[in-house]
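Have the viewer open and follow along.

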Amino acid sequence: MRWKRVLFSGLGIGLIYTLFIHAKTTPDSPVQDKPIRTIVIDAGHGGSDPGAKGSYSHEKDIALDVALKLGKILEEALPDVKIVYTRKTDRFDDVHKKAAIANEAQGDLFISIHCNAAADLSRVVGYKTQTYRNKKKKKVTRKVAIYEKYPNPAKGTETYVWATSKNNAKTESLRNNSVIVFDANSEETKELMANSDPETLIMLNTLRNVYFDQSLRLSTLVEDEFTRVGRISRGARQRNDKGILVLHATAMPSVLVELGFISNPEEENYLNSADGQSEMANCIARAVKRYKEELERIYKAAETGRKVTPAETPAPVQQAPVQNIAASVSVKTEAPPAPAADPSVHYKVQLMTSEKIYARGASLFQKLNGTIEREDLKQGRKKVHKYIWGSFRTEAEAHAAVYKAKKQGFADAFVVTYKNGERVDL
């Protein structure tokens with residue numbers, strides 16, 4: 001049963017509910033011994049939708065090239081896994097169609113490939129004299145700055161999971177695709193999923209949270225692989241409240257990889273180069289392989305009743321909130337201990353970037369416990385300020401802080417990493 005292997009692979013969470021879900025759905029086939037059988041690869045945009053534009057290239061073409069390379073690598077490295085593509089040509093499908101392709105393929109993992117972009121910046125390159133008439137009809141002259149646009153220097157990779165504000169939408173995706181998700185008898189499953197009783201909600205929310213943990217784990221592995229080859233990593237992140245539809249509309253763990261900034265000339269050249277595309281595809285493939293091996297170790301240990309050792313357990317990740325779960329669950333399990341954290345690494349949360357100067361005790365920071373730091377930097381002739389919150393020992397704590405910050409209105413908050421006191425994810 002596919003539902004059983006999914007929950008076994010849920011980093012300990014799904015194990016709590018195996019007996020409960022087993023009582024709600026009747027198995028019709030033997031348990032599959034592989035946690036990942038189908039991977040869906042989505043090349044972002046396509047056809048009439050070019051996506052972000054660089055000085056000479058388009059996001060849709062780079063995304064397709066890397067997606068095809070990634071698929072080929074995975075087909076060769078994982079012959080037991082079926083690779084499905086949302087597109088293999090320059091074709092446009094809206095995001096609803098892409099999610100439907102993934103769900104119909106019964107995917108166990110969804111990977112969407114994209115490129116990032118940042119708006120051009122402006123700088124003063126001179127002044128001109130302008131003459132105009134004031135309110136008294138008198139001629140007045142003044143100096144007016146002449147601005148020149150130049151490419152934004154923003155660079156680096158990002159890997160997104162769905163925003164926790166879209167948890168309900170993800171749950172509905174699981175409900176709507178229940179026959180696919182649970183591999184159970186169609187009529188029985190439809191009847192169960194149509195039921196609004198608390199137990200069904202617990203089951204769906206539990207599965208959603210398992211998928212969130214798995215998605216965040218893969219996103220972290222992807223960024224780790226990019227860092228290993230020297231890329232600048234901007235971290236594993238959640239999109240703001242607007243969300244990313246293909247992530248919360250797919251009934252499976254799902255990530256969206258931003259390969260780099262096509263708006264940055266240096267990165268645009270890298271994104272279009274054969275070597276760059278091969279390197280990016282190989283990084284993602286290595287992350288997928290590590291992710292698959294972790295799930296298989298945990299699954300096999302759970303199937304045999306053996307306790308999962310710390311070495312087999314991935315680093316802890318932020319868990320999305322679970323609604324109405326404590327009162328209905330009587331089965332408990334002790335989570336395996338987490339690996340020791342690297343004492344030289346800690347995490348903070350960048351709340352926002354603004355031209356305004358705020359004091360540490362400003363009202364907008366009052367509901368955030370901890371220190372607020374301000375970093376000043378120049379963008380052309382303008383001075384802007386980054387506001388950094390707190391210091392957290394683990395990435396899980398930092399992601400929890402991001403969730404809190406977003407609730408307080410800091411929509412663009414994200415995790416930043418420091419090693420030996422130096423910021424390493426810029």
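Which residue in strand 7 is the bridge partner of T157? It is S233. Before going further, a word on what you're looking at: this is a predicted model, where local features need pLDDT of at least 70 and side-chain atom pairs count only at pLDDT 80 or more, while totals for chains, interfaces and linings use all residues. Residues are numbered from 1 along each chain as its sequence is written, and side-chain values use heavy atoms, with hydrogens and water left out. Helices (H or I, at least four residues) and strands (E, at least two) are DSSP runs numbered from the N terminus, and two strands count as paired if DSSP finds at least two bridges between them.

Back to that T157–S233 pair. Strand 6 and strand 7 run parallel, joined by four bridges. Strand 6 (residues 157–161) also has three bridges to strand 8 (residues 254–261), this time antiparallel, and there E158 stands opposite E258. These strands belong to an open sheet of six with the order 2-1-3-8-6-7 and mixed pairing. Strand 2 (82–85) and strand 7 (233–238) each have a single partner strand, so they are the edges, with one side of each lacking a neighbour in the sheet. On average, neighbouring strands here are turned by 20° against each other, direction ignored. Helix 4 (residues 95–104) packs on this sheet, touching strand 1 (38–43), strand 2 and strand 3 (109–116), and its direction makes about 165° with that of strand 1. Contact here means heavy atoms within 4.5 Å; axes are lines fitted to C-alpha atoms, for helices over the stretch in contact, and angles run from 0 to 180 degrees between N-to-C directions.

Buried means under 20% relative accessible area, exposed over 50%, and partly exposed in between (1.4 Å probe, protein chains only).

Five strands make an open, antiparallel arrangement in the order 10-11-9-12-13. Strand 10 and strand 13 (422–423) sit at the edges with a single partner strand each, so one side of each has no neighbour in the sheet. Strand 11 is mostly covered, with eight of its 11 residues buried. Where strand 10 turns back into strand 11, the hairpin has two residues between the strands, and G380 takes a positive phi near 70°.

On to some helices. Helix 10 (residues 265–272) has E267, E268 and L271 buried. They are on the same side of the helix because they cover an arc of only 105° around the axis, the arc being that of the directions from the helix axis to the C-beta atoms. At its start, a side-chain oxygen of N264 comes within 2.9 Å of the backbone nitrogen of E266.

Finally, look for K292 in helix 11 (residues 274–304). This lysine is buried, with a relative accessible area of 7%. Leaving aside residues up to four places away in sequence, K292 touches I36, L78, D80 and V81.

Key:
Polar contact = N/O pair within 3.5 Å; in protein donor to acceptor, adjacent residues only side chain to side chain.
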